[in-house]
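Here are my notes on two parts of this model. Please read them with the structure open.

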Amino acid sequence: MSVPPGRPDEYQEETERQPPPGQASIAMLGLAIGILLMSLQLWLLTLAFDLYRSGVRGETLAVALISGLVFLGGLGMLRLLERRPRPRVGEPPRE
Amino acid sequence: MGAVSGAEPRSERLSNRARRERWAVEFPYGWDADELVSRRELLRLAVWASGALFAATAALAGLSYARPRARGTRQLVARASDVPPGGERYSRYPTADDHAILLHLQDGRFVAFSGKCTHLSCAVYWNAERGQLLCPCHNGVFDAQTGDVLAGPPSRPLPRIALAVEGDAIYATEEVAS
């Protein structure tokens, strides 16, 4: 992507932060799945409240565990996508 | 959004400084602000929201273990001789604002349930012909022996009220989940 003349230098840095070609759609898909899972968690919360109101213990705990797994998955994804300096063309990869 | 003056004709001879100033007018957001809505930042926000939802769910689970839902104190609800087999007695339990139903089943047992429908809290009544507890608001049907949902939109059974029969007196001791 060429830098338009007269634009600030940040523009170039910003464009370099884009996912590699072909992976942008994968990133968007991951984000969409994450938001869907968050909706699932919201539903699980209403379910847990319903179970709490009806005095059921074990199933409330199971619902909380499922919600926790979704949260852990999100944390893992965040760690996986941690920003790492990308080597420039011609530069040796950093340690 | 900033208004574009339009007074200055587009020209290739503009200096870089002039171009930058015009760009700042047309798009008055810095790159730092632009980064706030990046995918990575959105993902981070989503993960924290997910953590909050998990914390709320876990709190409910913890609460159900720490403080089981049982309400009410010992209270006289009826005399056994006043409720014939197949009959019912409406009362208030555990508080004066809570409807409750005492049933004398055909097999001789006494059972009592909360009179609030678990769907939207309408008052439940006893239908002797059908032998069921009915909620007239949305046609919820509950089993008279267990309080379980038989039909309609309610998803939870009616909370049961524990009874103690001493001679002719029937006492409600606490409201417990079915």
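1. Strand S7 of chain B, residues 132-135, is covered on both faces. Gln132(B) and Leu134(B) lie on one side, Leu133(B) and Cys135(B) on the other, and all four are buried. In a regular strand the side chains alternate between the two faces of the sheet. Bear in mind that this is a predicted model.

2. Which strands pair with S7(B)? Strand S6 of chain B, residues 125-127, runs antiparallel to S7(B) and is joined to it by three bridges. Strand S8 of chain B, residues 140-143, is also antiparallel to S7(B), over four bridges.

3. In S8(B), Phe142(B) stands opposite Leu133(B).

4. Check the turns next. The hairpin of S6(B) and S7(B) has four residues between the strands, and Gly131(B) in the turn has a positive phi of about 70°. The hairpin of S7(B) and S8(B) also has four residues between its strands. There, Asn139(B) takes a positive phi near 60°.

5. Now chain A. Helix H2 (residues 24-53) packs on helix H3 (residues 58-80) at an angle of about 165°, with the axes 9 Å apart. H2(A) is therefore roughly antiparallel to H3(A). The crossing is left-handed.

6. What makes up the contact of H2(A) with H3(A)? H2(A) contributes residues including Leu37(A), Leu40(A), Leu44(A) and Tyr52(A). From H3(A) come, among them, Glu59(A), Val63(A), Ile66(A) and Phe71(A). The contact residues divide into eleven nonpolar, three polar and one charged.

Note on methods: Residues numbered from 1 in each chain as written. Chains lettered and ligands numbered in written order. Predicted model: local features only at pLDDT ≥ 70, side-chain atom pairs only at ≥ 80, totals over all residues. Heavy atoms only, no water. Buried < 20%, exposed > 50% of the residue type's maximum accessible area, 1.4 Å probe, protein only. Helix = DSSP H or I, 4+ residues; strand = E, 2+ residues; numbered from the N terminus. Pairing = 2+ DSSP bridges. Axes fitted to C-alpha atoms, helices over the stretch in contact; angles between N-to-C directions. Parallel < 35°, antiparallel > 145°, perpendicular 65-115°, else oblique. Left-handed = near helix turned anticlockwise from the far one by under 90°. Contact = heavy atoms within 4.5 Å. Nonpolar A, V, L, I, M, F, W, Y, C, P; charged D, E, K, R; others polar.
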